Amino acid sequence: MSANSREAILAAATQIAQAHGYQGLNFRDLAADVGIKAPSIYHHFASKADLGAAVAKRYWEDTAAALDGISAEFAEDPARALHEYPTRVFRGSLENGNRLCLCSFMSAEYDDLPAEVQKQVQAFADVNTAWLSRVLVTSGLVKRTESEARARSIFAAVSGAQLMARSRADISLFDALIEGYRAAGLLPDARQGSRKR
């Protein structure tokens with residue numbers, strides 16, 4: 001089996017997990033989506049747990065790269081990077097067939113996940129909160145001692161907005177909730193700009 005087959009399996013598994021969670025992953029349906037026989041998946045992933053961990057790990061790694069890209073794009077205006085966070089990290093899943101962030105979905109299944117999948121799901125939350133914490137401090141919006149708590153609040157709020165919007169298949173609800181967070185001061189408004197220059 002080629003590396004391309006492994007990538008196709010990971011891509012299809014990600015789409016399935018975003019729509020149906022870890023419990024929705026099964027090798028028969030996945031093989032049909034990829035156009036291979038189910039036993040062929042075992043050439044790349046020894047078990048469902050192995051596949052789930054690989055999918056979640058790829059997801060947080062891709063998210064970390066996207067966050068680094070946002071930081072680079074708005075290096076001169078970190079408050080703008082924070083403004084872009086909900087749209088660039090969470091809204092896209094809703095735009096893609098009303099799916100959830102993969103790790104948010106798996107977090108809801110946390111108690112039923114194998115330990116290796118749990119570890120990767122936690123890494124997604126850690127990557128997001130670490131980035132948010134760092135950018136909150138860089139922007140001058142909070143002190144370092146307050147940044148982790150604020151970062152966790154932002155992460156939880158944006159994840160919750162996505163969940164609520166998905167349950168109603170209404171992406172405009174996500175946008176309205178994010179604007180509400182900005183109005184309440186949880187997220188910076190784009191016009192706010194960074195306090196440090």
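Rings of Phe, Tyr and Trp (its six-membered ring) count as a pair if their centres lie within 6.5 Å; planes under 30 degrees apart are stacked, those over 60 are edge-to-face, and the rest are tilted. The model examined here is predicted: local features need pLDDT of at least 70, side-chain atom pairs count only at pLDDT 80 or more, and totals for chains, interfaces and linings use all residues. Residues are numbered from 1 along each chain as its sequence is written, and side-chain values use heavy atoms, with hydrogens and water left out.

A search of the whole structure found 7 aromatic pairs. In one of them, the ring centres of F27 and Y42 lie 4.8 Å apart and the planes meet at 55 degrees, so the pair is tilted. This pair links distant parts of the chain, 15 residues apart. F27 sits in helix α2 (residues 27-34), and Y42 sits in the loop between α3 (38-41) and α4. Helices are DSSP runs of H or I with at least four residues, numbered from the N terminus. F27 is buried, at 10% relative accessibility. Buried means under 20% relative accessible area, exposed means over 50%, and partly exposed lies in between (1.4 Å probe, protein chains only).

Y85 and F90 form an edge-to-face pair, with 5.8 Å from centre to centre and 70 degrees between the planes. Y85 is buried, with a relative accessible area of 0%. F90 is buried too, with a relative accessible area of 0%.

Helix α4 (residues 48-73) has 26 residues. The distance from its first C-alpha to its last is 37 Å, close to the 38 Å expected at 1.5 Å a residue. That expected span is 1.5 Å times one less than the number of residues.

Side chains of opposite charge can pair when their charged atoms come close. The structure holds 9 salt bridges, each a side-chain nitrogen of Lys or Arg within 4 Å of a carboxyl oxygen of Asp or Glu. E7 bridges to R58, with the closest N and O atoms 2.7 Å apart. E7 lies in helix α1 (residues 3-20) and R58 in helix α4, so the bridge ties together parts that are 51 residues apart in sequence. E7 is partly exposed at 35%, and R58 is partly exposed at 28%.

R91 and D175 form another salt bridge, again with the closest N and O atoms 2.7 Å apart. R91 is in helix α5 and D175 in helix α9, 84 residues apart. R91 is buried, with a relative accessible area of 16%, whereas D175 is partly exposed at 28%. E148 and R152 meet in a salt bridge at 2.7 Å, N to O. Both lie in helix α8, 4 residues apart, about one turn of the helix. An α-helix has 3.6 residues a turn, so residues three or four places apart point the same way. E73, R80, E84 and R88 are linked in a network of salt bridges.

N98 has a phi of about 55 degrees and lies in the loop between α5 (78-95) and α6 (102-108). N98 is partly exposed, at 22%. Phi of A169 is near 50 degrees. A169 lies in the loop between α8 (144-167) and α9 (171-184) and is exposed, at 59%.

Notes. Helix = DSSP H or I, 4+ residues; strand = E, 2+ residues; numbered from the N terminus.
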